[in-house]
Amino acid sequence: MSAGPAERIVLVGFMGAGKSTVGPLLARRLGWEFVDLDQEIEAEAGRPVSEIFAREGEAGFRARERAAAERVSARPRLVVAAGGGAFAAEETRAALCRGALTVWLRCDLEVLLSRIPRDGSRPLAGSRATITALFRGREPSYALADVTVDTTRASPDEAARAIAEAAGGRGEGGGTTPG
Ligand code: S3P
């Protein structure tokens, strides 16, 4: 993270860890804006993530994700929920880290497996074995985040409060009144 107060808080972690649920709660606490990186990619592409994967492959999606990470890294007072693969890609991670406090929403694999919908909306959510391998492969990248908050048993609101406290303890400047 940067030396001064963070301009953004970036939530990383595996699919189902709660990034998109915790993010808006955290943003409300801080009085900041919230951006879901997948939604930002979809808005720019004009099609859902599943269709981007189908038409452009994973490489096409990752290029769009990197560009979206660059765009949001220019915006202050922002909470960003990054997709599960974003922090595992070096250049995307570098963009997300710039000026930000990064937070790994860690969660036990069994709980993640029970939370991830298999409705086709997440093209990489395949078999149990596929998800397990992806999870193990990505853990070292997630561990590079500044702060880790466990969401296995915490409610989204508890997780948001823990992150706001961690941000406050690191000199985060922007109005941390809950509400
Ligand atoms: C992905 C996770 C998804 C989405 C895309 C790829 C991944 O985001 O970016 O399906 O590689 O783990 P969520 O983590 O928000 O589900």
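Visitor: Is Glu44 buried, partly exposed or exposed?
Guide: This is a predicted model, so the values here are computed from it. Buried would need under 20% relative accessible area, and exposed over 50%. Glu44 has a relative accessible area of 47%. That makes Glu44 partly exposed.

Visitor: Which residue meets the side chain of Glu44 in a salt bridge?
Guide: Side chains of opposite charge can pair when their charged atoms come close. Here the N to O distance is 3.2 Å. The cut-off for a salt bridge is 4 Å. The partner of Glu44 is Arg64.

Visitor: Which helices does the pair Glu44 and Arg64 tie together?
Guide: The two residues are 20 residues apart in sequence. Arg64 has a relative accessible area of 23%, so it is partly exposed. Glu44 lies in residues 37–45 and Arg64 in residues 49–72, so the pair ties together helices H2 and H3.

Visitor: Which residues are joined into one network with Glu44?
Guide: Some salt bridges share partners. Through them, Glu44 is joined with Arg47, Glu56 and Arg64.

Visitor: How many salt bridges does a search of the whole structure find?
Guide: The pair of Glu44 and Arg64 is a salt bridge. Arg29 and Asp157 form a salt bridge too. The search of the whole structure finds 16.

Visitor: How far apart in sequence are the parts that Arg29 and Asp157 tie together?
Guide: The closest N and O atoms of this salt bridge are 3.8 Å apart. Arg29 lies in helix H1 (residues 19–30), and Asp157 lies in helix H7 (residues 156–169). So the pair ties together parts whose separation in sequence is 128 residues.

Visitor: Is Arg29 buried or exposed?
Guide: The cut-off for buried is under 20% relative accessible area. Asp157, at 37%, counts as partly exposed. Arg29 has 14% relative accessibility, so it counts as buried.

Visitor: Where does Arg98 lie, and which residue is its salt-bridge partner?
Guide: Arg98 is in the loop between helix H4 (90–97) and strand E4 (100–106). Its partner lies in helix H3, 28 residues apart from it. The closest N and O atoms are 3.2 Å apart, and the partner is Glu70.

Visitor: How exposed is Glu70?
Guide: Arg98 counts as partly exposed, at 41% relative accessibility. Glu70 is also partly exposed. Its relative accessible area is 38%.

Visitor: Which residues come nearest to the ligand?
Guide: The space taken by the ligand is the largest pocket. There are 13 residues around the ligand. H3 gives the most to this shell, with three residues. Those that come nearest are Lys19, Asp38, Arg62, Arg122 and Arg138.

Visitor: What distance separates the side chain of Arg122 from an oxygen atom of the ligand?
Guide: For Lys19, a side-chain N or O atom is 2.7 Å from a ligand oxygen. For Gly85, a backbone N or O atom lies 3.5 Å from one. For an N or O atom in the side chain of Arg122, the distance is 2.6 Å.

Visitor: How much of the ligand's accessible area does the protein cover?
Guide: On its own, the ligand has 390 Å² of accessible area. The protein covers 96%.

Visitor: What is the phi of Arg77?
Guide: Most residues other than glycine have a negative phi. Arg77 is found in the loop between H3 and strand E3 (78–81). Arg77 is not a glycine, yet its phi is positive, at about 50°.

Conventions: Residues numbered from 1 in each chain as written. Predicted model: local features only at pLDDT ≥ 70, side-chain atom pairs only at ≥ 80, totals over all residues. Heavy atoms only, no water. Helix = DSSP H or I, 4+ residues; strand = E, 2+ residues; numbered from the N terminus. Buried < 20%, exposed > 50% of the residue type's maximum accessible area, 1.4 Å probe, protein only. Near = heavy atom within 4 Å. Polar contact = N/O pair within 3.5 Å; in protein donor to acceptor, adjacent residues only side chain to side chain. Areas by Shrake-Rupley, 256 points an atom, 1.4 Å probe, with all protein chains shown as cover. 1 Å grid on protein atoms, 1.4 Å probe; cavity = no way out; pocket = protein on both sides within 12 Å on 5 of 7 lines; lining within 4 Å. Sits in = over half its atoms within 2 Å of the grid points.
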